[in-house]
Amino acid sequence: QVQLVESGGGLVQAGGSLRLSCAASGLTFSRYFMGWFRQTPGKEREFVASIYWNSGRTYYADSVKGRFTISRDNAKNAVYLQMNSLNSEDTAIYYCASRSTIESHYNYWGQGTQVTVSS
């Protein structure tokens, strides 16, 4: 049974930083592509960042480029999202997700962690 569990969310002031973690189990983590997404009420879930299985490539949404950094530790079955220079538009529920190939859909999702940025 695949499980993705996010942690590290919370309340932070604008300009501050948070580091999200996602712990994975039930899959061969090192073979999976991992991503972070976020969603706010009334809006569709949007892509934030992704990372290849070997950390060789990373991708970011334009809205977070230069402020967020995705990384992974395959020995710990974990993926991280370092978020700096946070602003109110970053307020959302953040989800991690996995997919087995670059062509496939993300097929496993965590329950999400709330990030709230106060101005």
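Predicted model: local features only at pLDDT ≥ 70, side-chain atom pairs only at ≥ 80, totals over all residues.
Author: Two strands count as a pair when DSSP finds at least two bridges between them.

Reader: Which residue of strand S10 is the bridge partner of Ala97?

Author: The partner of Ala97 in S10 is Trp109, and S9 and strand S10, which covers residues 108-109, run antiparallel and are joined by 2 bridges.

Reader: How many bridges does S9 form with strand S4, and in which sense do the two pair?

Author: Strand S4, residues 33-39, pairs with S9 in the antiparallel sense over 7 bridges, and within S4 it is Gly35 that stands opposite Ala97 of S9. Strand S11, residues 113-118, also pairs with S9 in the antiparallel sense, over 3 bridges, with Tyr94 standing opposite Thr113 of S11.

Reader: Is strand S9 mostly covered or mostly open, and how many of its residues are buried?

Author: S9, which spans residues 92-99, is mostly covered, since 7 of its 8 residues are buried.

Reader: Why does Thr113 count as buried?

Author: A residue is called buried when its relative accessible area is under 20%, and Thr113 counts as buried because its relative accessibility is 11%. Thr113 lies in strand S11, and, once its neighbours within four places in sequence are left aside, its contacts include Glu6, Ser7, Leu20, Ala92 and Ile93. Gly9 is also one of those contacts, and the side chain of Thr113 reaches the backbone nitrogen of Gly9 at 3.2 Å.

Reader: Where is Asp62 found, and is Asp62 buried or exposed?

Author: Asp62 sits in the loop that runs between strand S6 (58-60) and strand S7 (68-73). Exposed means over 50% relative accessible area, so Asp62, with a value of 65%, is exposed. The side chain of Asp62 is joined to that of Lys65 by a polar contact of 3.1 Å, while Val48, 14 residues away from Asp62 in sequence, is 8.5 Å from it in space, taken from C-alpha to C-alpha.

Notes: Residues numbered from 1 in each chain as written. Heavy atoms only, no water. Helix = DSSP H or I, 4+ residues; strand = E, 2+ residues; numbered from the N terminus. Buried < 20%, exposed > 50% of the residue type's maximum accessible area, 1.4 Å probe, protein only. Polar contact = N/O pair within 3.5 Å; in protein donor to acceptor, adjacent residues only side chain to side chain. Contact = heavy atoms within 4.5 Å.
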